[in-house]
Amino acid sequence: MTPTARAPKPECDIAIIGGGVMGLSIAYQLGKRGVSDVVILERGYLAEGASGRNGGGVRMQWSSEENILLMRESIELCRSFAQDVGINIWLRQGGYLFLARSERERAQMERNIALQNRCGVPTEMISADEARAIVPELNTTGIACAAYNPHDGVVFPWPFLWGYAREAMRSGAELHLFTDVTAIDQASSGFVLHTSKGKLRAKRVLNAAGAWSPAVARLVGVELPNRPHRHEILSTEPLKPFLKPMVSLLSSGLYFSQSMRGEIVTGISVDDVDDGSVKLGARLQFLTKLAREITSVMPRLSEVKVLRQWAGPYDVSPDGHPILGEPENIPGFYLCCGFVGHGFMMAPIIGQIYAEHLVRGTNHEVFRRCRLSRFVEGVTEPEQMILG
Ligand SMILES: Cc1cc2nc3c(=O)[nH]c(=O)nc-3n(C[C@H](O)[C@H](O)[C@H](O)COP(=O)(O)OP(=O)(O)OC[C@H]3O[C@@H](n4cnc5c(N)ncnc54)[C@H](O)[C@@H]3O)c2cc1C
């Protein structure tokens, strides 16, 4: 079963714009529920967007109850992924170790840990010395305390996409790569999508175009508040395994982990021009900022050779939470975007919840909380634990 090079069929029930992890996860879950009349339209290759460029971190350490519970379920789905989808995603639950440098960060950490514990997540507040017992190479000068949950972890992102895509196609969905959606007309019973491979009539349309979702929404006259932000990351030569958890500094958003192949994968955000366009160039400025920050906590990495550096688009919503559901004035046009730097870990659970919504009309609480209108209503509660 291969992504088709032909033109899409003329009509379908659900057209999904974007073949990233969100679009594919939803398509997979629709297939599991017997919905096969689905066409996925992807402008580039599989894993072209953020889904093919990310750090693969999956964690339950969040500042809101909803995110903690959703990620806990998502990690459970990651654990059964090989069995359910038939592909190895290389999940390694080595934990996440967050480091605090100030009393303000300690207080935030205490609040988050209390909430996580109430949600059944066993995060512990530990001292700098205890953190060094988990990562012996850590320089703990200036580290006030740390938060550690041993059940967080990392995955290898690409097999998620391969597995979801294969299973969605097996259930009857069409996947069209190198197929750009350039215009959308609203019709009496749905939409007509103009693509680089011809027209497609769809009863319903799902905008899962990640950092490009505002441009796709504009095709039906909807303005979204999410903005693209370039996020850079690199990987080094492989080293003998020495680092168990993903380590992150709250003060700068630096994060680093060691992959199953031994490479150190690490990223940090650098300021950028915000003109609404998606930028994917790699910058020296990132390398210098990252090198300074990472060698301050892991001096042994000053000798390591960088093999690859790349950028991907964060899809940043104003409060750090996704944007889901239909805008009030366009029924049948569904939004699934605004996942910032944590969409990968949300995709397994969001796919399940969204497919239920599309098939049975069930309204999981997340649809109310993540509705587009919350921004004009002024009822948003920003997530504190955004990294990068
Ligand atoms: C460097 C980096 C590190 C990250 N680290 C993590 C992490 O550790 N953990 C985590 O959970 N998340 C992480 N993220 C975030 C995560 O990758 C994203 O939230 C997630 O992949 C978003 O998936 P998506 O399907 O919404 O978007 P994407 O993967 O970007 O997919 C959208 C797709 O839509 C396509 N598209 C756009 N416009 C059109 C059009 N007009 N027609 C057809 N197709 C179109 C694009 O080509 C793209 O493939 C990271 C992101 C980056 C960039």
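**Strand pairing, cysteines, cavity and selected residues**

Strand S1 (residues 11–17) pairs with strand S11 (residues 198–207) in the parallel sense, over 6 bridges. The model is predicted. Within this pairing, Cys 12 stands opposite Ala 202 in S11. S11 also pairs with strand S10 (residues 190–195), here in the antiparallel sense and over 5 bridges. Val 192 has Arg 201 of S11 as its bridge partner. S10 and S11 form a hairpin, with 2 residues between them. A further pairing of S11 is with strand S18 (residues 333–337). It is parallel and spans 3 bridges. Here the bridge partner of Val 205 is Phe 333 in S18.

Strand S14 (residues 255–258) is covered on both faces. Tyr 255 and Ser 257 lie on one side, Phe 256 and Gln 258 on the other, and all of them are buried. Strand S13 (residues 246–249) runs antiparallel to S14, and 2 bridges join the two strands. Ser 248 stands opposite Tyr 255 in S14. S13 and S14 form a hairpin with 5 residues between them. In its turn, Gly 253 has a positive phi of about 80°. S14 also pairs in the antiparallel sense with strand S15 (residues 263–268), over 4 bridges. Ser 257 has Val 265 in S15 as its bridge partner. The hairpin of S14 and S15 has 4 residues between the strands. Gly 262 takes a positive phi near 100° in this hairpin.

The cysteines were examined next. A disulfide is a covalent bond between the sulfur atoms of two cysteines. A search of the whole structure finds 0 disulfides. Cys 145 is in no disulfide, and the nearest cysteine sulfur, that of Cys 119, is 20 Å away. Cys 145 is buried, at a relative accessible area of 2%. For Cys 336, the closest cysteine sulfur is in Cys 337. The two sulfurs are 7.1 Å apart, too far for a bond, because a disulfide requires sulfur atoms within 2.5 Å. Cys 336 is likewise buried, with a relative accessible area of 2%.

The structure holds 1 cavity of 30 Å³ or more. By residue class, the lining of the largest cavity divides into 5 nonpolar, 5 polar and no charged residues. Ala 114 also lies in helix H4. At 34% relative accessibility, Ala 114 counts as partly exposed, because that value falls between the limits of 20% for buried and 50% for exposed. The C-alpha atoms of Ala 114 and Pro 225 are separated by 32 Å, with the two residues 111 apart along the chain.

Several loop residues complete the picture. Asp 152 is found in the loop between strand S6 (145–149) and strand S7 (153–154). Asp 152 is buried, with a relative accessible area of 0%. Leaving aside residues up to four places away in sequence, Asp 152 touches Val 58, Arg 59, Met 60, Gln 61, Ile 75, Arg 92, Gln 93, Gly 94, Gly 95 and Tyr 96. Val 21 lies 131 residues from Asp 152 along the chain, and their C-alpha atoms are separated by 20 Å.

Positive phi values also occur at residues other than glycine. Ala 47 is not a glycine, yet has a positive phi of about 75°. The residue sits in the loop between strand S2 (38–41) and strand S3 (57–58). Ala 47 counts as buried at 12% relative accessibility, because the limit for this class is under 20%. Phe 178 has a positive phi near 50° and is also a residue other than glycine. Phe 178 is found in the loop between strand S8 (174–176) and strand S9 (181–187). With a relative accessible area of 52%, Phe 178 is exposed, because the value is over 50%.

Note on methods. Residues numbered from 1 in each chain as written. Predicted model: local features only at pLDDT ≥ 70, side-chain atom pairs only at ≥ 80, totals over all residues. Heavy atoms only, no water. Buried < 20%, exposed > 50% of the residue type's maximum accessible area, 1.4 Å probe, protein only. Pairing = 2+ DSSP bridges. 1 Å grid on protein atoms, 1.4 Å probe; cavity = no way out; pocket = protein on both sides within 12 Å on 5 of 7 lines; lining within 4 Å. Points joined across faces, edges and corners; volume = space filled by probe spheres on them. Nonpolar A, V, L, I, M, F, W, Y, C, P; charged D, E, K, R; others polar. Contact = heavy atoms within 4.5 Å.
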